[in-house]
Amino acid sequence: MVKKKASPDKDRCVACGVCALQCPRKAINIYRGCYAVVELEKCVGCGICSKACPANAITINEINQEVANG
Amino acid sequence: MAKNKVKRHWYEYLWIWSIVYFALGFFNILFAWLGMIDFILPLIFAIVGGNKWFCNHMCGRGQLFWVLGRNMKCSRGKAAPAWLSSKWFRYGFLIFFLTMFGTMVFQTYLVFSGAGTLRKAIKLFWTFKVPWQWAYNGSLFPDWVAQFGFGFYSLMLTSTLIGLIVMVLYKERTWCTFCPMGTMTQGICKLKNNDK
């Protein structure tokens with residue numbers, strides 16, 4: 001099954017935290033003030049974070065669930 | 001259906017502080033010193049805690065851009081050009097900003113040493129002089145304290161105006177991508193993380 005998930009670019013992320021504030025499922029954390037990390041189990045791929053991100057660092061990718069789960 | 005009640009925290013309203021700060025400095029420039037809180041707190045969070053909790057939850061300026069840009073629809077919400085959040089621009093702007101901060105501190109020193117006199121004006125975009133003499137009529141502090149106030153207020157107002165311009169043109173919090181404090185604290189956090 002293919003599911004949409006947010007995937008932040010570590011190098012472009014400025015760790016401002018807007019994505020984490022906007023995420024309706026609290027799936028995003030700013031890892032030690034360095035970059036945003038998405039908890040894939042919580043992410044529903046809604047894209048709200050991607051729209052809010054001022055650095056355009058978040059893309060919504062389609063991830064194959066079976067492959068992701070092993 | 002049970003309604004999902006979102007718990008609100010006091011620090012979500014710090015955007016009000018951003019407005020109050022500029023209002024206070026309009027009437028008395030000595031209030032400009034309070035802006036030092038916004039300089040020192042993020043650094044303490046980054047150096048001691050190794051995090052950007054200030055940027056992430058407490059930055060009144062970022063919140064103000066969000067309130068104006070998103071809630072009041074004053075932002076086009078369009079993607080900013082990539083160079084605006086590129087590393088060379090971010091660190092370049094940080095260096096520029098620190099240089100200007102240093103110049104401002106030096107001007108304060110000139111007044112302190114008696115080599116310069118207090119100028120009751122603020123400078124916008126490091127270029128345009130705006131008279132601001134109503135904001136200071138003497139106090140029990142020496143003149144250099146007020147000089148720093150005028151200089152620091154100029155810096156705060158200029159950076160907020162830049163932030164508002166990019167907020168309107170691009171995404172709400174585009175300022176955050178090249179905010180000097182943000183760049184500095186993220187840099188500190190990255191350095192701290194490499195240690196481990």
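In helix H2(B), the residues B:Phe39, B:Pro42 and B:Ala46 are buried (under 20% relative accessible area, with exposed meaning over 50% and partly exposed in between, for a 1.4 Å probe and protein chains only). Viewed down the axis of H2(B), the buried residues fall within an arc of 85°, so they line one face of the helix; the arc is that of the directions from the helix axis to the C-beta atoms. The structure is a predicted model, in which local features need pLDDT of at least 70, side-chain atom pairs count only at pLDDT 80 or more, and totals for chains, interfaces and linings use all residues. Residues are numbered from 1 along each chain as its sequence is written, chains are lettered from A and ligands numbered from 1 in the order in which they are written, and side-chain values use heavy atoms, without hydrogens and water.

Helix H2 of chain B covers residues 36-49, and its 14 residues should span 20 Å at 1.5 Å a residue; the end C-alpha atoms lie 19 Å apart, which agrees. The expected span is 1.5 Å times one less than the number of residues. Just after H2(B), B:Gly50 takes a positive phi of about 65°.

Chain B has 8 helices and 2 strands (DSSP runs, H or I of at least four residues and E of at least two, numbered from the N terminus). Along the sequence, the pattern is α-α-α-α-α-β-β-α-α-α. The C-alpha trace of chain B spans about 65 × 40 × 30 Å along its principal axes. Of the 196 residues of chain B, 45% count as buried.
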